[in-house]
Amino acid sequence: IVAVLLAIFIMKHFNWHYLLAMVTILCTSVFPLFLLVPESAHFYMSIGEQHKAKEVLLKVADSNNACLPPGQLVSSQKKERIAAKGIGLSSKNTGEHTHSRDWRGLFSPPKYLVSTVLNWLLWFTASFIYFGLILMTSELLTLYHDIPDLGCVESIESKSSKVCHHLTENDYIQILWTSAAELPAILVCFVLNEFLPRRRSLSAHGLFLSLFIGLTMICPLSKNSTFGLIFAARSFASSFFQSLYLYTPEVYPTHVRSLGLGLSYVFARIGGVVTPFVSQVMLHETVRGTKAVYTAASLVVLVAGFLLPFETKGRSLEDASIG
């Protein structure tokens, strides 16, 4: 939203170089804030700073009006060494066992394999749809300059003037309204995840995404109606992304949780790389075909949500049920 507001002013009086410079300055200005982010108790334990780890846990307990359970903090490495001595493993074998357990935990038992593959698919699709809608918005605005009845056109080649149209102030305002969809997305995410199980919530996102994107293929459909539907779709796309950040850490046990989330995000980045070829390149060949691709991707989300083997709502992180 801030970037669009900057564009409305800067692009009117200057050019995109100044806009890029201003956005870069704003992005780099947050770097000092990372100095205020506290380290985790797990990190302090891994470097032998047990007293600092306990201080972090005390602060967490105090902020939640709770007390730490009795006992001493012991690192997982130390527990493994103690267990290894009990069964006669060498420290070398213990290290190999721990290392292999970390990545194999994403695929074993078999239902973790199913969960991991579906999770990667959902992250890929979330990024593919979310960034696709963002990129498609500006592309549609430029095409509407040449083709007022864009929703009913099968071939762009015969209608487009091939002239590069700059976005007008009204276009930027239209983009601002669709970007404002990020705000109701917070409410959508809260409602769906509060009143539905996690898996059903993810499937519900796919259902509404396919509905709103699919409706944009209706002919005839006015420009304002099209962007109204894109606004609704973007709200659910943003909410879907937030829901994945909620669901994914709940699926995996502690020793592979960070790895599971990190690899899932890699697939999201891949989806972000692929989507411009659809939302910008394919769009100039067939508008309805492009919308059909994103509708199909939304239906994949609908089905994948039902196929997820783990339901995590209302369970402790160590007690997620299967089935």
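Ser238 lies in helix H11, residues 223-251. Helices here are DSSP runs of H or I with at least four residues, strands are E runs of at least two, and both are numbered from the N terminus. This is a predicted model, in which local features need pLDDT of at least 70, side-chain atom pairs count only at pLDDT 80 or more, and totals for chains, interfaces and linings use all residues. Residues are numbered from 1 along each chain as its sequence is written, and side-chain values use heavy atoms, without hydrogens and water.

Ser238 is buried, at 5% relative accessible area. Buried means under 20%, exposed over 50%, and partly exposed in between, with a 1.4 Å probe and protein chains only. Leaving aside residues up to four places away in sequence, Ser238 touches Tyr130, Glu182 and Ala185. Contact means heavy atoms within 4.5 Å.

Now the whole chain. The protein chain holds 14 helices and 2 strands. Of its 323 residues, 39% count as buried. Take contacts between residues at least 6 apart in sequence: 73% of them join residues at least 24 apart.

Next, a helix pair. H10 (residues 198-215) packs against H14 (residues 287-307) at about 160°, with axes 7 Å apart. Axes are lines fitted to C-alpha atoms, for helices over the stretch in contact, and angles run from 0 to 180 degrees between N-to-C directions. H10 and H14 are therefore roughly antiparallel, a term for angles over 145 degrees. Residues of H10 including Leu202, Gly206 and Ile213 meet a set in H14 that includes Tyr294, Ser298 and Leu302.

Key. Parallel < 35°, antiparallel > 145°, perpendicular 65-115°, else oblique.
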